Amino acid sequence: MENAWKKKFFTIYLGQAFSIIGSATVQFAIIWYLTKHTQSALILTTATVVGFLPGAIFGAFAGVFVDRHNRKMIMILADGFIALSSFLLALAFLYFESPPIWFIYTILFLRGLGGTFHMPAIQSTIPTLVPQSELTKAGGWASFVTSGSNILAPMLGAVLMDMTSIGLVMLVDILGAIFAIICLLFVTIPDIREDMEKEENSFKTQFKQGLLAIKKDKPLTTTLPHYVLVGILYFPLSSLFPLLVLTHYQGSALHNGLVDTIFSIGMLISSFILGLYKGVNKKLMLFSFSIVLLGICSSAVGILPSSYFLLCLFFCFLIGVSSTLFNVPFYAYVQSSIEPQKMGRVMSLLLTICTIANPIGLLIAGTFSDLAGVNNWFIATGILFIINGFICLLRIKDFEKQDH
């Protein structure tokens, strides 16, 4: 009985692995199609923002919805909704070959909408299945599954794009969603809505309760601004890495592929280690140290001479490691400190904040890089990461005993 949670957890994430591979493969195919047929940075940037819009618009409210309804059913419906969106795009490509850009944007928006409900549902489900002492371990395994899936997806997408049409590639997402739904059907997930029936049932009240749950947790409110700053600075790194490889390291598509692969391997290995380790007592301390590590590595790839590409790959590996080490402990802390009944609201609020931060980071990074050079953006970002991490360490040291 002690390890009964593992069977449920791994059944869910086995399905999620196939779902993530399908979704990431389709995302790769769509971005490559837009790149090849438009060669427009504006269209690619807009496509990225459109995918984030549902989270920014509906994210905070999705959490209230998740807490008021059956989370297992929400995950099933969200997976099915994303698959349906891919099916519509598949039909468009198969029958019209080149659907209008606005239709592709619409599909990206719908896929993002499905993810807006799916993410808080699965994040708030984990604490109902996993013992508190095992949350960091479970988070490591979840990140391991995500990282491994994201390593496979671009390669699968590239091979399928060469072998068949983009319309047929869309069907991969449908197959992944079907498998994920089947896995969910075999898992019993606690339905905690009964506890909420005793509370005021108004949507507005429950939304406020999510905000209050965050506000009452002093370690979380202290750490949250630092996490938001990381979100603003971190997201543009992945978007600007291809430009850094091309202009600073004079690299090719192969070099850029190596960067993506090495980064994902860093995430994979660090996730595997966290998955083996039974709990991290000082989650917020690990979160803070990882920001400092991220800053050192970000500055290094901007400072290195163009002939030091192999050393750049080493720092890319460490960036992947640090990205896991600040994400997993942060969310493990949230899952261990917030009441399960309010978890959906809190998770969606946090995800919404990050979703809003991402486009802000893109705008700042793009403007700065055009004016001062993309390598200087990496250097400046790294310095800000280091300062942010050290300040966070100083601010949360008094909460060490409260960090589960």
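Tutor: We shall discuss a salt bridge, a helix pair and a surface patch.
Tutor: This is a predicted model, in which local features need pLDDT of at least 70 and side-chain atom pairs count only at pLDDT 80 or more, while totals for chains, interfaces and linings use all residues. Residues are numbered from 1 along each chain as its sequence is written, and side-chain values use heavy atoms, with hydrogens and water left out.

Student: How many salt bridges does a search of the whole structure find?
Tutor: The search finds one, a salt bridge being a side-chain nitrogen of Lys or Arg within 4 Å of a carboxyl oxygen of Asp or Glu. The side chains of Arg111 and Asp173 form it, at 2.5 Å from N to O. Arg111 lies in helix H4 (residues 101–129) and Asp173 in helix H6, 62 residues apart, and the pair links distant parts of the chain. Helices are DSSP runs (H or I, at least four residues), numbered from the N terminus.

Student: Is Asp173 buried or exposed?
Tutor: Asp173 counts as buried because its relative accessibility is 1%. Buried means under 20% relative accessible area, exposed over 50%, and partly exposed in between (1.4 Å probe, protein chains only). Arg111, at 10%, also counts as buried.

Student: New topic: at what angle do H11 and H12 cross?
Tutor: The axes of H11 (residues 283–303) and H12 (residues 309–337) cross at roughly 155° and come within 8 Å. Axes are lines fitted to C-alpha atoms, for helices over the stretch in contact, with angles from 0 to 180 degrees between N-to-C directions. The two helices are therefore roughly antiparallel, a term for angles over 145 degrees.

Student: And which helix supplies the largest share of the nonpolar patch?
Tutor: H3 does, with seven residues. Leu84 is in H3 and, at 45% relative accessibility, counts as partly exposed.

Terms used
Angles under 35 degrees count as roughly parallel, over 145 as roughly antiparallel, 65 to 115 as roughly perpendicular and the rest as oblique.
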